[in-house]
2 protein chains.
Amino acid sequence: MEKYKLIIIGGDAAGMTAASKIRRENKNCEIIVFEKSEYVSYSACGIPYFISGKVASHEELIVRTPEEFIKKHKIDTRILHEVIEVDTDNNQVLVHKSDDKTQFWESYDKLLIATGGKAFCPDVENRDADGIFGVSTLRSGIKVDNFIKNKKPKNAVIVGGGYIGLEMAEALLIKGLNVLLINRSEEIMNTLDPDMGALVNNAMTNLGVKIYAKEELQKFEADKNGVTSVVTDKQTLKADLVILGMGTAPNTAFLKKSKIKLNEKGAVVVAKTQRTNIRNVWAAGDCATTTHLVTNKPFYIAMGTVANKTGLVAGKNIEGGKAVFPGVVGTAVCKICVYEVARTGMLEKQLKTLNIDYVQTMIKTKSRAGYYPDSKDIYVKLIAEKRTGRLLGGQIIGEEGAAKRIDVLATALTYKLTLRNIIDLDLSYAPPFSPVWDPVQTAARKLITLLK
Amino acid sequence: MEKYKLIIIGGDAAGMTAASKIRRENKNCEIIVFEKSEYVSYSACGIPYFISGKVASHEELIVRTPEEFIKKHKIDTRILHEVIEVDTDNNQVLVHKSDDKTQFWESYDKLLIATGGKAFCPDVENRDADGIFGVSTLRSGIKVDNFIKNKKPKNAVIVGGGYIGLEMAEALLIKGLNVLLINRSEEIMNTLDPDMGALVNNAMTNLGVKIYAKEELQKFEADKNGVTSVVTDKQTLKADLVILGMGTAPNTAFLKKSKIKLNEKGAVVVAKTQRTNIRNVWAAGDCATTTHLVTNKPFYIAMGTVANKTGLVAGKNIEGGKAVFPGVVGTAVCKICVYEVARTGMLEKQLKTLNIDYVQTMIKTKSRAGYYPDSKDIYVKLIAEKRTGRLLGGQIIGEEGAAKRIDVLATALTYKLTLRNIIDLDLSYAPPFSPVWDPVQTAARKLITLLK
């Protein structure tokens, strides 16, 4: 077992998965984790459910505490330590301690960057006012929870209609707040095509969320107590709580001066081995790029699954292995009250940009046999390459049992299956689970007729 | 459009799918459907739910009536007409009319055999007694329903622990009967490996079904009112209702004297085009063989999905097309009260017979993020080829949301994916739907360690 000193920057999914993997394989190496917040190894995706009260306490989201890592796994886990600079010429990082405000340089033999992402927000007036939150870290989630408990806000404005925005909309509805949502485009969820996004718009409106579409954030207004309103290009909306839901940006500002290559969005550019352009430096999780397996091009996506998988691959390779993370097809799911939303692959607008000739269809059918009780509407949209019939993307909206069907489409995309291949799949059927033709196959049957 | 006279024997899923497809493409040909019972085009898989009362009436299971086919689709649909002989030398079939007991020969240019399957029963004493039912046709389902309403039976014995047996056990529990189940092997559901079957045994026992395992049917006892008991090799069980759940046998007795090739179980042997050994004669659905895509060998399975798909392929080819049904991987799902059971691919015992060196594992994990409310236990068993890591089979048992995950494994089997491929799939994740590693990936991660 090789002796070396590894520094990991960031102690959530990617960082701690790597740390644990390395420690399982190597008892000799020194592993130091610098984590900016008080928390490591938690489910960031669970934050909306803790805020809504579906999950009783933030502690349930924590997989392992810093103490467990230190004592049980001999991983030197230092919370409240923020790395503010990386010097790859001299193999050292500059660390800021938030408790005593001191700084020190720490050297490494190998370095893993796993700083995750943060809620994106444009640089507008009062963006740092009290009452404005992203919810990408457990610390920020706890802040929102405390804010709701102590300040009892009444009017929440969610800026942006991405997954986190929608999940937070549900959470805040459950907490009894008025929930408004402003969204730059016509339909919320820009990871869906507009026809499917419109269904989500309707569902959210039915749940009681007031949506202001085609409105852009201009600034926030605030007084000494914090945010008071959100100003868009069309109106001013009263707000005593604002949630940023405009997507995730990689947490890499501290790397700007380093020699580590970042892409135009600031994500660390990595190979499929998770190695950066610098020898002995790896990156994994929401701070790094990945590959889109449909386009075979670099791609940025902030996703818990990818953080875990890339953390594992980085861990193996830091330990001298030859693992690769092939990439993603852009699969994502989201639940808002009874509604399930799922997507994978490419959107129409992306295909237009790439000048790929495609066909598409959207069908409405039932999630179970039509006669079976509680059979619900399910909408499936498929997009395929016109020339070959190869699947390029899929989107599903429905109620219970709808979303997980996206996994077959994700598998189909990965292995470049055609509509004919999908129709021929031996998918499971019994009346409580599906119509005799699974909805994804019904959509494929309709779409294949458009190829001719 | 070619002019020809087509006879279709059997008017359910396969036959009417073919008839409808042909009529859509060809307005000129003559299509005659001979159906033994009063019903065509219904969901046989829905029968247990109509008997339980979950589905209010048997009429809800009917997709189209004979009248609709006759008037709207110009398909000459003749109910109560049973074909009792096929003469392929002279291109004619002998038809028995059950209303006036007359017989006649009808000639054809093309013939489709789609007579489906029936509940298998060994040739034991009193097997035709009143109160003993298979439930493979709507007519038989209605008979059971009427029997329960009129005779008010108290003690039901289900002979055999296959899908239909289990679904009927649920239905009869709902109707308030005492339900006993006798089963030849130790565990019910012999389409699962014994370790997974044991979980189904436990679940059924918890629901109130008394299971007598390793008991074999010897005979039935009956008096003038019908069945009175089921005699096994170990005991005599009081029964005023018996359901046959020992599997499905192809309905092909009327072909024994013909030149159409049947396999050892009596299923019509067909090519992937659904054509039989005789020119201008096709077969589809539960009366025909198919191909197992894992072994690439002929395979018999009675499944609504296969009936629909093979009916469609037969229809296209009768109309001069070049369609093929590639085959199945043996996917099946079943719901019994809250329990979901799913399987695909090969069992351990089948692999032993084939002398294939395999590894297997069974894991227990959660269906959703562990902290999410209503997260339930889910068991996943995977079997892979030891030399290559290629997936060979999968079995899943759990509660809501468990079973449909089998579809990813069915897709993986079809495209010969390895455990590594499965681990790398971009499957969907959000806390209400899955742990961050989907249970099928967690099982693959465990099993891959056994390859080394």
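Is B:Cys337 buried, exposed or partly exposed, and what is its relative accessibility? I looked that up to start with. At 24% relative accessibility, B:Cys337 counts as partly exposed. A caution for myself: this is a predicted model.

I went on to B:Cys337's sulfur. B:Cys337 takes part in no disulfide, and the nearest cysteine sulfur, in B:Cys334, lies 10 Å away. A disulfide would need the two sulfur atoms within 2.5 Å.

Next I checked B:Cys29. Its closest cysteine sulfur belongs to B:Cys287, at 20 Å, which is too far for a bond. B:Cys29 counts as buried, because its relative accessibility is 3%.

**The E4-E5-E6 sheet**

I turned to chain B's strands. I found an open sheet of three strands there, in the order E4-E5-E6, with antiparallel pairing. Which strands stand at the edges? They are E4 (81-87) and E6 (103-107) of chain B; each has a single partner strand, so one side of each is left without a neighbour in the sheet. I also noted the twist, which averages 30 degrees from one strand to the next.

For the pairing itself, I looked at E5 (residues 92-97) of chain B against E6(B). The two run antiparallel and share five bridges.

Definitions and conventions. Residues are numbered from 1 along each chain as its sequence is written. Chains are lettered from A and ligands numbered from 1 in the order in which they are written. This is a predicted model: local features need pLDDT of at least 70, side-chain atom pairs count only at pLDDT 80 or more; totals for chains, interfaces and linings use all residues. Side-chain values use heavy atoms; hydrogens and water are left out. Two strands pair if DSSP finds at least two bridges between them. Helices (H or I, at least four residues) and strands (E, at least two) are DSSP runs, numbered from the N terminus. Axes are lines fitted to C-alpha atoms, for helices over the stretch in contact, and angles run from 0 to 180 degrees between N-to-C directions. Buried means under 20% relative accessible area, exposed over 50%, partly exposed in between (1.4 Å probe, protein chains only).
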